[in-house]
Amino acid sequence: MKVLTALFAGLLFGLGLLVSGMSSPDKVIGFLNVTGAWDPSLAVVMGGALMVATPLFAVANRRGTAWSGEAICAPRQQVIDRKLVGGAMLFGIGWAIAGLCPGPALVNLIARPVPVATFLTAMVVGLLLSRRD
């Protein structure tokens with residue numbers, strides 16, 4: 001049941017990315033181009049996602065368990081440190097260069113396999129390097 005729940009959530013997320021047009025790197029680059037032809041649609045989609053997710057997170061925190069029955073684990077570290085800021089900056093730079101983040105990259109893997117596979121390979125290498133302390 002947990003696998004089916006995860007599959008459904010992933011498919012719903014991917015469908016949302018496709019319907020909203022957020023799987024397109026051009027949308028992301030247009031949003032980040034604040035000095036040119038700025039495209040605010042990404043901000044609108046993010047705002048809509050926050051309006052849906054915020055009350056659901058509040059309900060989930062009160063319940064203490066996910067719909068799958070697993071415990072909800074909040075991050076242990078609450079401190080904003082150099083590693084967090086550096087990682088966020090690196091993520092933002094990669095997002096700006098490629099116009100992709102992990103979700104849209106997986107959605108685009110079928111449509112644009114070579115550039116997206118290159119992005120995903122770099123992402124996995126970065127994840128593996130981040131685990132080295």
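Predicted model: local features only at pLDDT ≥ 70, side-chain atom pairs only at ≥ 80, totals over all residues.

Modeller: Residues are numbered from 1 along each chain as its sequence is written, and side-chain values use heavy atoms, with hydrogens and water left out.

Biologist: How do you know that the span of helix α4 agrees with its number of residues?

Modeller: Helices are DSSP runs of H or I with at least four residues, numbered from the N terminus. The expected span is 1.5 Å times one less than the number of residues. For the 17 residues of α4 (residues 82-98) that gives 24 Å, and the end C-alpha atoms are 24 Å apart, so the two agree. After α4 comes Gly99, with a positive phi near 75 degrees.

Biologist: Why is Asn33 called partly exposed?

Modeller: Buried means under 20% relative accessible area and exposed over 50%, with partly exposed in between (1.4 Å probe, protein chains only). Asn33 has 30% relative accessibility and therefore counts as partly exposed. Asn33 sits in the loop between α2 (25-32) and α3 (41-63).

Biologist: What lies 3.0 Å from a polar atom of the side chain of Asn33?

Modeller: The backbone nitrogen of Gly36 lies at that distance.

Biologist: What makes a region a pocket, and what volume has the largest pocket?

Modeller: On a 1 Å grid over the protein atoms alone, a pocket is an open set of points where a 1.4 Å probe fits, with protein on both sides within 12 Å along at least five of seven lines; lining residues have an atom within 4 Å of a point. The largest pocket holds about 1400 Å³. Its lining has 36 residues, and Ala9, Leu12, Val52, Ala53 and Leu56 are the closest to its centre. The largest share of this lining, 13 residues, comes from α3.

Biologist: Which elements supply the lining of the second largest pocket?

Modeller: α4 and α6 (113-130) each supply at least two residues, and α4 gives the most, with 9 residues. The second largest pocket has a volume of about 760 Å³. Its lining comprises 19 residues, with Gly87, Leu90, Phe91, Gly126 and Ser130 nearest the centre.

Notes. Polar contact = N/O pair within 3.5 Å; in protein donor to acceptor, adjacent residues only side chain to side chain. Points joined across faces, edges and corners; volume = space filled by probe spheres on them.
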